[in-house]
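User: I have not seen this structure before, and I would like to go through it step by step. Could you show it to me?

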Amino acid sequence: MALTTLGYGAMQAGTVIQTVIHAFTDTTTNSTDSDADLTGSSFSFTPKLASSLLLISINVSIRMARNSNAGQGCTINVVHDGTAIQETPQDYEFYCYEANGSALIFKERLNKEVSVSASSTSARTIKLQGRPFATGDSGTLIVNNASMTSTIKVQEIAQ
């Protein structure tokens, strides 16, 4: 059984070293085919051990709309120190369509979990980016529509 020390004793692999929850309520609207930073999602995180694993969980309030029944979706990516982790290349990580009717409006919660090695004890920036599936027919992605709250949780875990 491997033990890691952090100034206050030994820890087994799998021990949670720290948990940080970042909440944001800023509204971001994106109606382009490019990733956009989600306003208010950016924050600094400093690992305590270079050998640890960072488990990043997101819970994002999304509103997808399109003046067509052809379908609408979106993708939200976790960006760690300038690099998207397990980036989804498609724009439809989350997708809905209406078989009958003429317009789409969906309000949902998108949950996702990714991990990355801490690699150092330097502070790093964690943020979210998102884009809609379709921009035609007034297609948009809105994060935190109507004063909703989204969260990013980082758990540092001993390895």
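User: In what order do the elements run from the N terminus on?
Analyst: From the N terminus on, the order is β-β-β-β-β-β-β-β-β-β-β-β-β-β. The protein has 14 strands and 0 helices; both are DSSP runs numbered from the N terminus, helices being H or I with at least four residues and strands E with at least two. This is a predicted model, in which local features need pLDDT of at least 70, side-chain atom pairs count only at pLDDT 80 or more, and totals for chains, interfaces and linings use all residues. Residues are numbered from 1 along each chain as its sequence is written, and side-chain values use heavy atoms, with hydrogens and water left out.

User: What does the C-alpha trace span?
Analyst: Along the principal axes, the C-alpha trace spans about 60 × 25 × 20 Å.

User: And how many of the residues count as buried?
Analyst: Of the 159 residues, 45% count as buried. Buried means under 20% relative accessible area, exposed over 50%, and partly exposed in between, with a 1.4 Å probe and protein chains only.

User: Changing topic, how many salt bridges are there?
Analyst: The count comes to 5 salt bridges, each a side-chain nitrogen of Lys or Arg within 4 Å of a carboxyl oxygen of Asp or Glu.

User: Why can such side chains pair?
Analyst: Side chains of opposite charge can pair when their charged atoms come close.

User: Which side chain does aspartate 137 meet in a salt bridge?
Analyst: Aspartate 137 meets arginine 66, at 3.8 Å from N to O. Aspartate 137 is in the loop between strand 12 (124–132) and strand 13 (140–143), whereas arginine 66 is in strand 7 (residues 53–66), 71 residues apart.

User: Is arginine 66 buried or exposed?
Analyst: Arginine 66 counts as buried, at 13% relative accessibility. Aspartate 137 counts as partly exposed, at 41%.

User: What about aspartate 91, which partner does it have?
Analyst: The side chain of aspartate 91 forms a salt bridge with that of arginine 131 (2.2 Å, N to O). Aspartate 91 lies in the loop between strand 9 (83–85) and strand 10 (94–96) and arginine 131 in strand 12, so the pair ties together parts 40 residues apart in sequence. Aspartate 91 is buried, with a relative accessible area of 18%, and arginine 131 is buried at 5%.

User: Where do lysine 112 and glutamate 93 lie?
Analyst: These two side chains also meet in a salt bridge (3.0 Å, N to O). Lysine 112 is in strand 11 (residues 104–117), and glutamate 93 is in the loop between strand 9 and strand 10.
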